[in-house]
Each structure stands twice: as structure tokens, then as C-alpha cells.
Amino acid sequence: MKKRILPLLASLCCSAVGCSHPGFQELGSQVLSSTGYMSQSQAQGIMSASSNLVKSQEELLPEQEYYLGRAVSATVLGQYPPRRSQAATEYLNKIGMTLASVSDAPETFGGYHFMVVESPQINAFSAPGGFVYVSSGFIKELPDEDAVAAVLAHEIAHVVKRHGVNAISNAKLFSALTEFSTTGASIAASQVSSPVDLGEITGVFAESVSGVVDTLLTKGFDRSQEYEADLYAAELLQRAGYDPNALVRVLGILESHSKEEAKDGGWYATHPAPADRVAELSSDFTFPAPEKAPAARQARFAALRH
């Protein structure tokens with residue numbers, strides 16, 4: 001009976017840890033130790049570890065975020081195989097690295113990685129740590145290199161703003177805390193005082209990886225996160241010498257696709273209405289007069305399409 005009750009008591013106590021008030025943590029320790037199943041020091045260890053788990057989304061080390069992104073990417077690539085074209089990969093990475101270099105996070109632990117994946121859907125997504133993917137169906141719809149840059153800039157914005165990391169911690173937090181509470185003895189022995197390591201994250205949050213993939217490919221981020229990514233993307237394009245108006249053109253492409261197509265998935269289905277995004281963006285960003293792209297840029301894009 002105690003073994004069944006303990007995880008429930010621990011979970012209830014851990015839910016109070018999020019407020020980070022010492023009184024709540026002390027109360028939780030007393031409740032756990034009063035079961036007679038563990039000592040006061042072991043109970044305090046659980047509360048300390050759970051507190052760090054709650055805060056882990058903000059405190060993930062760069063290498064932890066990178067390997068977590070790899071775990072998510074492995075699932076994504078299991079559904080959408082990469083395009084076997086070195087030229088396309090190099091082209092996408094040249095644009096992506098140009099944009100990333102002028103962002104607020106020009107480097108990640110494992111570096112940025114940009115790839116075209118095989119899918120007829122119009123879609124683009126990014127995983128924590130700097131993994132960015134664009135579907136072949138989306139590439140076919142884009143009219144020029146500035147539009148490609150606009151798509152990549154939006155996804156880089158999600159990486160810089162750590163929207164994927166936030167989705168991980170929010171997806172299965174309660175069930176993760178429940179599972180985490182059952183490892184009290186070993187955790188208490190180590191007296192965790194720093195963010196949980198990668199092994200604990202990938203173990204405790206195993207179900208959350210699926211939740212994040214679901215967020216990236218099906219549900220989409222919150223509206224506020226998408227608006228934030230749009231605004232940051234426009235700024236990145238301007239910093240890198242691309243035309244920010246290309247972002248509006250990309251949103252126009254999305255607007256032109258029917259809702260019937262959106263039922264099959266894709267960026268249109270997982271993002272706010274393109275018209276709403278344009279309106280929101282226009283209220284916060286001053287667009288410059290459109291300029292003709294340099295001839296070299298046009299030639300690069302033409303070579304990609306052939």
C-alpha cells in the first residue's frame with residue numbers, strides 16, 4: 001500500500017515546488033518522511049530534485065539541449081526522410097548559417113543543421129539545439145531565395161526563443177514528476193543541487209519527446225510564440241541583408257492554399273491564420289521598400305530548382 005501511496009504523495013508535494021517557496025518544500029519533506037518509507041534527508045532530496053526538474057526548461061545546459069534536440073530529430077526523420085542532395089543541403093545551410101550568425105544565438109553546442117526532408121506537405125519545423133527542417137513540398141512553392149531565408153529565419157527564431165524546450169517541459173510535467181518521485185532513495189543519496197543531467201531528462205521525459213514532436217508536426221506552437229517568431233524572423237532577414245517583405249510573401253503563399261489541403265497537415269494547419277500573422281507583424285515591424293535581389297542570389301536559387 002505504501003508503495004502505491006508514496007508516488008501520489010510525492011507528486012502532490014512536487015506540484016507545490018513550482019512556487020519555489022521554502023515553506024512548501026519543507027512541508028513536502030515532512031509529508032514524505034511521515035510515511036515511514038524514507039528518512040527526512042531522503043525526502044528533502046526528492047523535493048530538491050523535483051524543484052530542479054520543474055526549472056529544467058530554463059536551465060538546460062547547451063549540450064543537454066543539443067542531445068534532446070537530436071532525440072526529437074530522430075523521430076522527425078523517421079517520418080520524413082532527408083533529401084539525398086548534397087547541393088540542396090549545402091545551399092540551405094549557407095542561407096541558414098548566414099541568418100544564424102546575426103541572431104542572438106549564433107552558435108549552439110552542436111551547431112545549426114538545416115535540411116530538406118521529403119514530404120509533399122507545406123511544412124517547416126525546428127528542434128531544440130538548432131535542427132531545422134523544410135519539406136520538399138514547401139521548397140517547390142517558394143519563389144526566390146529571400147523566401148527560403150524567410151522560412152529558415154522563422155524556424156531559427158523558435159530555436160533562439162527556445163520554444164521547443166518550453167514545449168518539452170509543459171507536455172508531460174505531471175506524469176514526469178510522478179515517475180521522478182519513485183526514484184527517491186538514489187536521488188536523495190546524490191542530493192541533486194543542479195539541473196538534471198541528460199540521462200535523467202531523456203528517461204523521465206521519454207513520453208514528452210513524442211509530445212514535442214506532436215507540437216512541431218501537428219498542434220503547432222502557441223499563437224504568441226508564432227507571432228514572436230515572425231517578428232524576430234523579420235528582424236533577422238533585415239540584419240542579414242535579405243528582404244523582410246519576403247516573409248509576407250511566404251505568408252501569402254500559405255494563405256493561397258485551401259483549407260482542404262490543410263486537413264492533410266502542414267504549416268498552414270499548425271500556425272495561426274496567415275492574414276492574422278501579417279496584421280500582427282505589420283503592427284510591430286516597419287517594412288522597408290522592396291528591393292530586387294542581387295543577380296548572384298537569383299542564380300543560386302535557379303540552380304537549386306533545376
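E145 is buried, at a relative accessible area of 2%, where buried means under 20% relative accessible area, exposed over 50%, and partly exposed in between (1.4 Å probe, protein chains only). This is a predicted model, in which local features need pLDDT of at least 70 and side-chain atom pairs count only at pLDDT 80 or more, while totals for chains, interfaces and linings use all residues. Residues are numbered from 1 along each chain as its sequence is written, and side-chain values use heavy atoms, with hydrogens and water left out.

The side chain of E145 meets that of R300 in a salt bridge with an N to O distance of 2.7 Å, the term requiring a side-chain nitrogen of Lys or Arg within 4 Å of a carboxyl oxygen of Asp or Glu. Because R300 lies in helix 19 (residues 295-305) and E145 in helix 8 (residues 145-160), the pair ties together parts that are 155 residues apart in sequence; helices (H or I, at least four residues) and strands (E, at least two) are DSSP runs, numbered from the N terminus. R300 is partly exposed, at 33% relative accessibility.

## Other salt bridges

Across the whole structure, a search finds nine salt bridges. One of them joins E118 to R83, with the closest N and O atoms 3.2 Å apart. E118 lies in the loop between strand 1 (113-117) and strand 2 (124-127), and R83 in the loop between helix 5 (62-79) and helix 6 (86-101), so this pair ties together parts that are 35 residues apart in sequence.

D144, D243 and R249 are linked in a network of salt bridges, within which R249 and D243 meet at 3.5 Å, N to O. D243 is buried at 9% relative accessibility, whereas R249 is partly exposed at 33%.
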